[in-house]
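Me: I would like to learn how to read a model of this kind step by step, beginning with the ligand shells and going on to domains and strands. Could you take my questions one at a time?

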Amino acid sequence: MLRVGIVGARGFTGEELIKILMRHPGVRLTYLSATLTKPEEIGEIFPALRDVVGLKCEPFNVDKAAEKCDLLFLALPHTVSMDYVPKLLKRGKKVVDLSADYRLKNPAVYRQWYHKAHKDIKHLKAFVYGLPELYRERIKKTGCVANPGCYPTAAILGIVPALVAGFGDKDGVIIDAKSGVTGAGKKVSPEYLSVHVNENFRGYKFNMHQHSPEINQELSRATLARVDVVFCPHLLPVNRGILETIYIRLKKSVPAQQVEAVYKKFYKTEPFVRMRGLGVLPQLTDVTYTNFCDIGLVVDEKKKLLIVSSAIDNLLKGASGQAVQNMNIMYGFDERTALA
Ligand SMILES: NC(=O)C1=CN([C@@H]2O[C@H](COP(=O)(O)OP(=O)(O)OC[C@H]3O[C@@H](n4cnc5c(N)ncnc54)[C@H](OP(=O)(O)O)[C@@H]3O)[C@@H](O)[C@H]2O)C=CC1
Ligand SMILES: CC(=O)N[C@@H](CCC(=O)OP(=O)(O)O)C(=O)O
């Protein structure tokens, strides 16, 4: 039985991880940690887990974490994970980090977008970007996974087949993204109060969001060319879910059926990407509470334009579900275990 722990267990993604892992037949949850002064029953923190998970959530202790676990999920904020990772790797533990700390390969780019110098450059290279649809073979062999961001997961999956096939113009990609409020984590700041979110809709960080370099990095690696997208996120008045409308200029007119065939082939064997028919647009409720990414396509042959609609649950395929998918791949479990 694989022994796993969660650091940052009190947050949104930590809670989702507990719920997924407690139904995983190959895993035993052995350690939960949060910023507490003394241990507290997880059922007291999340009453839904009362009498279901008999574990205490405790202040972090690296020796205890290492003694109790083979693998740790780090559900910590950006710029915090990198304090924990070196200590865990030194003790021979495997990690899946849900933060952005090990996603960007260039430490200068990390510093530019996260406003802090990277403290663990030594391990950056060892981390595999945990998008199974692109890196499954590398994930199988690694002990450390940088779980992708929520917006980048939906964006990269929606864009990569068109760019790799060569008909999408790498300089002509515009991502219009919308996220539910859990995407922001549990942070309490006035703009996330329900009075400001309910009955409202707003954009933020247009063309200056920290997920732009992550999307660009991965699309550039996949195409071996420099890709620079326009990325405009919005905050939706819903709890969970991400819907992205992605406009991709085509280099020449391509028949809609040909575009669809390329996407279908790309994702033919993927357990968690569902291609919808041409012109069929996914909605949030098709994917919330699931680990699926649903993709719909519209092709305007005259305007030489491909419009992709990509939907995920930010807490599942965008975070905790994908993290468990990565764990399943690392340990040779069926990839769908506890997820479908
Ligand atoms: N929410 C989402 O949709 C997604 C989140 N992510 C990433 O996953 C990570 C976790 O996100 P999420 O669960 O939403 O965040 P939350 O803010 O909900 O939870 C973060 C947890 O980290 C703990 N924490 C905060 N600061 C520290 C610290 N200095 N040392 C130790 N623990 C600390 C907090 O513990 P405590 O409660 O004890 O104070 C909190 O429970 C983040 O990096 C986020 O960017 C990735 C994809 C999607
Ligand atoms: C709605 C909302 O505020 N979303 C967050 C997403 C942050 C997040 O979760 O970041 P990672 O996916 O990189 O871990 C934001 O835009 O900053």
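Me: How do the residues of the shell around ligand 1 divide into nonpolar, polar and charged?

Reply: A word of care belongs at the start, since this is a predicted model. To read a shell, one sorts the residues around the ligand by class, with Gly counted among the polar ones. For ligand 1 this gives ten nonpolar, 13 polar and three charged residues. Of the 26 residues in this shell, those that come nearest are Arg-10, Gly-11, Ala-34, Ser-99 and Gly-185.

Me: Which helix gives the most to the shell around ligand 1, and why does ligand 1 lie between the two domains?

Reply: Here one asks which elements and which domains supply the shell. Helix H1, residues 12-21, makes the greatest contribution, with three residues. As for the domains, ligand 1 lies between domain 1 (2-147 + 319-331) and domain 2 (151-312) because both of them give residues to its shell.

Me: Which residues are around ligand 2, and how does that shell divide?

Reply: The reading is done as before, with a residue counted if its C-beta atom, placed from the backbone, lies within 6 Å of the ligand. Around ligand 2 one finds Ser-99, Ala-100, Gly-149, Cys-150, Ser-179, Gly-183, Ala-184, His-211, Pro-233 and Leu-235. Five residues of this shell are nonpolar and five are polar, while none is charged.

Me: How far apart do the C-alpha centres of the two domains lie, and how many residues does each give to the contact?

Reply: The centres of domain 1 and domain 2 are 25 Å apart, and the contact draws 16 residues from domain 1 and 16 residues from domain 2. On the side of domain 1 that touches domain 2, at least two residues come from each of helix H5 (107-114), helix H7 (132-141) and helix H13 (320-331). That side is made up of nine nonpolar, four polar and three charged residues.

Me: In what order do the seven strands of the open sheet stand, and which strands are at its edges?

Reply: The order is E10-E11-E9-E12-E15-E14-E13, with mixed pairing. Strand E10 (202-203) and strand E13 (273-278) are the edges, and each has a single partner strand, so one side of each has no neighbour in the sheet. E10 pairs with strand E11 (residues 230-235) in the antiparallel sense over two bridges, and Gly-203 has His-234 in E11 as its bridge partner. Strand E9 (residues 168-179), in contrast, pairs with E11 in the parallel sense over six bridges, where Ile-174 is opposite Val-230.

Note on methods. Residues are numbered from 1 along each chain as its sequence is written. Chains are lettered from A and ligands numbered from 1 in the order in which they are written. This is a predicted model: local features need pLDDT of at least 70, side-chain atom pairs count only at pLDDT 80 or more; totals for chains, interfaces and linings use all residues. Domain bounds come from an automatic or database domain assignment. Two residues are in contact if their C-beta atoms, placed from the backbone, lie within 7 Å. Helices (H or I, at least four residues) and strands (E, at least two) are DSSP runs, numbered from the N terminus. Two strands pair if DSSP finds at least two bridges between them.
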